[in-house]
Number of protein chains: 4
Amino acid sequence: MISAGIVGGTGYTGVELLRILANHPEVQVDCLTSRGAEGTAVAELFPSLRGQIDLTFAAPEVERLARCDVVFFATPHGVALDMAGALLDAGARVVDLSADFRLPDAALLARWYGLTPVNTELLGRAVYGLPEVNREALRTARLVANPGCYPTVIQLGFLPLLERGWIDPQRLIASAASGASGAGRGAKVDSLYCEVADNFRAYGVAGHRHLPEIETHLARATGHTVGLTFVPHLAPMNRGMHATLFAFLREAVDETELHALYAARYVDEPFVDVLPLGQHPATASVRAANTCRLSVFRPQNGETVVVLGVIDNLVKGAAGQAIQNMNLMFGLPESMGLEALAVMP
Amino acid sequence: MISAGIVGGTGYTGVELLRILANHPEVQVDCLTSRGAEGTAVAELFPSLRGQIDLTFAAPEVERLARCDVVFFATPHGVALDMAGALLDAGARVVDLSADFRLPDAALLARWYGLTPVNTELLGRAVYGLPEVNREALRTARLVANPGCYPTVIQLGFLPLLERGWIDPQRLIASAASGASGAGRGAKVDSLYCEVADNFRAYGVAGHRHLPEIETHLARATGHTVGLTFVPHLAPMNRGMHATLFAFLREAVDETELHALYAARYVDEPFVDVLPLGQHPATASVRAANTCRLSVFRPQNGETVVVLGVIDNLVKGAAGQAIQNMNLMFGLPESMGLEALAVMP
Amino acid sequence: MISAGIVGGTGYTGVELLRILANHPEVQVDCLTSRGAEGTAVAELFPSLRGQIDLTFAAPEVERLARCDVVFFATPHGVALDMAGALLDAGARVVDLSADFRLPDAALLARWYGLTPVNTELLGRAVYGLPEVNREALRTARLVANPGCYPTVIQLGFLPLLERGWIDPQRLIASAASGASGAGRGAKVDSLYCEVADNFRAYGVAGHRHLPEIETHLARATGHTVGLTFVPHLAPMNRGMHATLFAFLREAVDETELHALYAARYVDEPFVDVLPLGQHPATASVRAANTCRLSVFRPQNGETVVVLGVIDNLVKGAAGQAIQNMNLMFGLPESMGLEALAVMP
Amino acid sequence: MISAGIVGGTGYTGVELLRILANHPEVQVDCLTSRGAEGTAVAELFPSLRGQIDLTFAAPEVERLARCDVVFFATPHGVALDMAGALLDAGARVVDLSADFRLPDAALLARWYGLTPVNTELLGRAVYGLPEVNREALRTARLVANPGCYPTVIQLGFLPLLERGWIDPQRLIASAASGASGAGRGAKVDSLYCEVADNFRAYGVAGHRHLPEIETHLARATGHTVGLTFVPHLAPMNRGMHATLFAFLREAVDETELHALYAARYVDEPFVDVLPLGQHPATASVRAANTCRLSVFRPQNGETVVVLGVIDNLVKGAAGQAIQNMNLMFGLPESMGLEALAVMP
């Protein structure tokens with residue numbers, strides 16, 4: 001049995017880790033910390049866990065967490081950067097769901113997050129947790145930077161085309177929409193029901209923090225320098241993320257070839273599903289599941305290729321992918337604990 | 001391995017049975033029928049099941065279904081009434097999620113549903129599938145009438161008080177709200193997104209079909225003749241059912257005694273959770289789970305007792321309870337396949 | 001032209017007052033105050049008002065407000081209690097949308113709101129702003145206590161039966177649901193989109209502050225001492241309030257007589273609409289309009305009468321009724337500025 | 001007083017026309033037709049109109065409609081094509097909210113809609129009802145083709161850049177999302193609450209009928225041949241449409257110049273609002289109003305320009321714009337009857 005700890009378990013990502021791990025046959029959550037909720041029973045904060053999870057939030061002390069085999073960080077940015085080193089030194093493995101280790105370049109981290117790591121060497125040791133790209137490295141990783149939600153679906157959508165070299169890597173466009181849980185459980189006016197419901201809006205068009213993450217890791221994975229225009233939107237839903245990707249073809253490939261490329265690229269992936277030609281993926285088809293579904297189109301046989309992708313931002317976009325990474329790190333079957341089907345409706 | 005069949009698998013109850021049974025370790029769905037969708041792959045109709053369930057809808061023929069160990073009916077009213085006898089004769093067990101066998105009295109069935117059973121003897125053989133009342137009978141049942149969603153939560157809410165005799169059984173009031181999946185997947189204007197969203201309304205105040213079911217089975221379970229005023233409402237949500245129950249106390253019991261009564265009544269029930277005094281249950285706390293959560297209040301220490309109850313109408317209110325009943329019928333652990341925690345948010 | 005001021009214009013009630021008054025032909029909003037938003041242009045906070053309302057939030061100073069003909073308070077409880085006296089002395093009229101003047105009894109105010117008025121004489125001078133009961137008094141009122149949202153629809157629902165004496169006034173039951181705007185625009189976790197959407201729950205069952213308001217004013221209007229059990233719920237919608245009322249008949253009246261009673265009681269009311277027998281009102285049918293729609297049923301010809309009522313909690317339940325009251329106070333046509341039809345869908 | 005008729009008044013566009021016209025000081029709706037609802041009172045179908053609109057659906061006979069000064073078509077495609085000629089001959093003016101007259105090229109109409117007009121001359125007489133482009137022609141028009149919802153917001157978004165020649169007209173990209181009312185009030189499974197809520201998906205990527213409309217009229221208005229990739233999405237909301245537009249700059253203009261271009265282009269437009277630099281428009285900010293709000297960005301000072309636009313699909317995207325056009329056709333103030341502010345929340 002793997003002993004797991006969760007730092008920052010009061011947000012939606014934290015409760016989602018608890019929900020999934022509660023039925024994982026090889027993991028037991030032994031330690032759950034939160035600075036603000038210390039002493040509170042988790043079931044008091046989250047009645048959905050009543051009778052299933054008998055834990056109380058503790059203070060986030062390294063000593064206690066270091067006794068775990070694996071520690072998940074579901075914290076605001078900066079916390080893992082401070083604590084991960086000591087935990088790794090003590091022998092624990094770390095899966096960080098925040099952005100602290102996603103950018104291997106300290107200058108980017110400083111520019112986009114205002115973070116200055118004491119120990120930049122750690123940045124280099126982190127393995128970027130996109131199994132569809134880094135599976136082998138993840139098997140031996142001790143520190144995993146779990147990808148952001150937008151970066152997960154956008155990279156899975158662009159990868160086949162970039163790897164194959166069929167599109168102009170400098171003119172990528174991503175228009176994506178996220179459910180409100182992506183904004184977290186903080187008490188902000190912008191996240192109120194009455195501000196989100198029956199409403200749709202873009203945000204962060206001038207520059208969203210997921211942009212450098214996507215550009216960096218697409219470049220690493222494919223060898224191309226990548227230029228991306230990225231517009232995220234907030235949609236009135238609890239969960240779900242939809243990416244609509246546009247790229248310009250450099251080769252005269254037809255829709256059937258495009259589809260074959262995607263089908264072949266992901267044929268062995270347990271959590272990536274390429275839809276039949278002509279179908280459009282819906283976020284509801286992956287609700288509460290660790291699946292990414294993709295479609296590819298070449299409208300009007302023009303020069304533009306359109307890729308559609310959906311994930312559940314809290315699962316494949318956060319907690320589920322973190323557990324997939326943990327499974328790889330500990331030599332467990334990659335899908336263990338992640339077999340639940342999507343909840344529809 | 002238990003071989004299961006599902007008749008009428010194209011509605012929300014049918015897809016929910018598939019979702020839950022897909023991960024049930026002792027059941028395999030071998031036969032799925034639908035008159036309208038014959039020949040269609042289930043994953044085509046429900047992309048949420050892609051890659052997990054490799055079945056095609058067949059015509060609903062008794063011969064084929066009779067080879068199953070258990071057949072679930074997720075059909076409009078009247079279908080199970082016609083087919084159940086032959087299946088039982090062939091040795092299959094039947095769990096009927098429609099209303100056909102819920103009313104043991106043929107006259108009530110005719111009055112409220114316009115149904116005239118050819119074989120009224122079958123009505124008498126059906127066991128009403130509320131495990132919290134009929135657990136022992138369910139263990140040997142061959143034909144189970146799975147309760148309606150409103151009747152499940154309303155009976156669980158009133159039972160302790162009626163059994164104990166603390167309230168006037170003739171003046172029960174139930175005001176309850178259901179998510180839109182309760183109305184089914186039929187193409188009706190009243191069920192359109194734009195008719196349901198940002199809206200709340202009552203329906204069926206003059207007389208809802210669940211009224212005689214509740215009165216009949218509360219009377220059977222408690223020995224009291226019961227008089228109930230029942231007002232159902234449609235709430236803008238996919239899943240979830242909330243019951244607000246009112247009754248008049250005949251005894252001077254305080255809130256602590258009321259709470260103790262509920263806690264004791266359900267202490268051994270795997271799927272009924274009594275909240276601490278003062279807490280209000282939320283439907284989201286049971287989303288996609290087989291749990292019923294209850295609270296009891298005596299406002300202002302007056303003569304009125306208020307009981308609040310929540311379930312997921314598709315799980316404890318339909319497919320989950322059907323599987324709980326199947327587990328009992330086949331001597332399996334009652335919670336098998338039903339361990340998934342609530343999905344929040 | 002009537003010069004109006006609004007104290008506390010940053011909440012949903014404040015912006016609703018602005019929305020409606022912007023098209024009122026006889027009113028001009030000259031002063032808008034907010035302690036927190038001083039110096040901010042209203043259109044910056046509420047882009048929905050861009051180009052239409054050219055006001056900047058000012059500090060809530062009595063001097064400035066006293067120059068207005070009428071001042072609306074859309075403030076947390078306690079503010080109007082402090083400021084209204086000075087404004088009245090200066091000659092302004094006051095419509096208070098908070099609870100400060102709704103309870104004429106200082107003891108109730110202290111018990112339910114923890115408020116101790118310096119000047120209890122003011123409590124007695126306030127006219128309770130339910131035009132369907134107090135129209136004549138409102139024409140000469142200088143201080144109006146605008147009713148709460150739940151009290152508005154619940155009183156309109158019970159009034160005909162109580163006035164006529166057909167029901168037991170001691171055993172009234174109200175189960176009601178409100179859209180999320182009723183909880184205000186404060187940044188609270190409980191009001192987040194992900195806590196409210198696809199969810200339904202009761203709150204305040206032990207005792208909601210609107211309970212004494214309803215009991216007090218029903219008693220005043222009808223001469224009966226009233227006993228009410230009141231359970232409010234939060235529904236996942238922006239606007240809308242639905243009341244489901246239960247009472248026990250003391251007379252053998254049939255449904256047609258009940259309907260005739262309601263139709264006659266409200267025949268001349270511009271904002272109360274009694275539906276034909278058998279129809280159920282939907283909150284969406286009054287969205288953004290000042291209308292209350294009512295239905296009355298006697299299910300199964302039993303002893304229980306069921307009344308259903310809907311309003312938009314921000315309009316007839318707050319800002320619209322306040323403007324209706326203002327029209328009465330200033331001798332304007334009662335419907336002026338309130339003619340907009342419901343927005344559907 | 002202008003006498004108006006509405007053909008096809010049972011859908012969301014029809015009821016929206018009624019809602020707005022009910023308070024238009026110079027228009028009276030005298031005739032309302034529907035083949036399916038003949039003989040039904042409009043308030044029976046739409047309780048939101050009770051007490052305000054006292055009309056009964058009639059059969060759609062030309063004779064009766066021809067007595068009106070103006071006839072609005074809110075019908076499925078093909079109906080106006082059949083009836084408009086006779087109405088025009090009889091002296092009525094026609095505003096067609098369907099697609100019948102939007103494409104001046106009969107070949108396009110045949111290809112995208114499968115429609116073959118008997119009288120192609122009529123196609124040429126129709127004025128395309130985008131007042132921001134065709135205001136002068138609309139003043140004397142007798143037959144107006146009211147633009148589609150997507151075409152309205154997408155054209156308003158691209159127009160300034162195309163007119164000025166700052167972008168490559170061959171590589172336009174539009175990713176847009178619509179509320180569910182855009183799919184109409186037909187009883188289709190895809191439009192059910194449980195299929196739309198908590199869900200987001202694209203549709204029609206291979207080719208949506210609004211594509212040729214946008215390309216045709218952008219080309220007419222700007223003199224450029226236009227190449228557009230257009231991906232529409234369905235968002236879980238009643239109303240609202242959001243367009244996210246991408247184009248490639250051919251000139252080195254900075255964000256301030258871009259903003260100045262938009263501000264100048266629309267400075268005199270009563271229903272187009274250009275937001276301050278850096279703000280993102282929200283669909284809720286135009287709910288139930290005839291406004292289009294636009295923003296323009298140049299992210300990272302790259303070669304891509306991003307334009308965001310929002311409208312209410314039923315107002316500026318349908319009924320509101322139709323009334324704006326009618327006002328122009330009859331020499332009324334352009335904003336008459338359209339002054340209502342957005343409903344928020």
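Start by selecting A:Phe246 and D:Phe246: are they buried or exposed? Both A:Phe246 and D:Phe246 are buried, where buried means under 20% relative accessible area, exposed over 50% and partly exposed in between, using a 1.4 Å probe and protein chains only.

A quick word on what you're looking at. This is a predicted model, where local features need pLDDT of at least 70, side-chain atom pairs count only at pLDDT 80 or more, and totals for chains, interfaces and linings use all residues. Residues are numbered from 1 along each chain as its sequence is written, chains are lettered from A and ligands numbered from 1 in the order in which they are written, and side-chain values use heavy atoms, leaving out hydrogens and water.

Now for the rings. Those of Phe, Tyr and Trp (its six-membered ring) pair if their centres lie within 6.5 Å; planes under 30 degrees apart are stacked, over 60 edge-to-face, and the rest tilted. That gives 12 aromatic pairs over all chains. One of them is A:Phe246 with D:Phe246, a tilted pair at 6.4 Å centre to centre and 45° between the planes.

Next, select B:Phe248 and C:Phe248. Their centres are 5.5 Å apart and their planes at 65°, so this pair is edge-to-face. B:Phe248 is buried at 1% relative accessibility, and C:Phe248 is buried at 2%.

Last stop: charges over rings (NZ of Lys or CZ of Arg within 6 Å of the ring centre and within 35 degrees of the ring normal). Pick D:Arg171, which lies over the face of A:Phe248, 4.0 Å from the ring centre. Then find B:Arg93 over the face of B:Phe330, at 4.1 Å.
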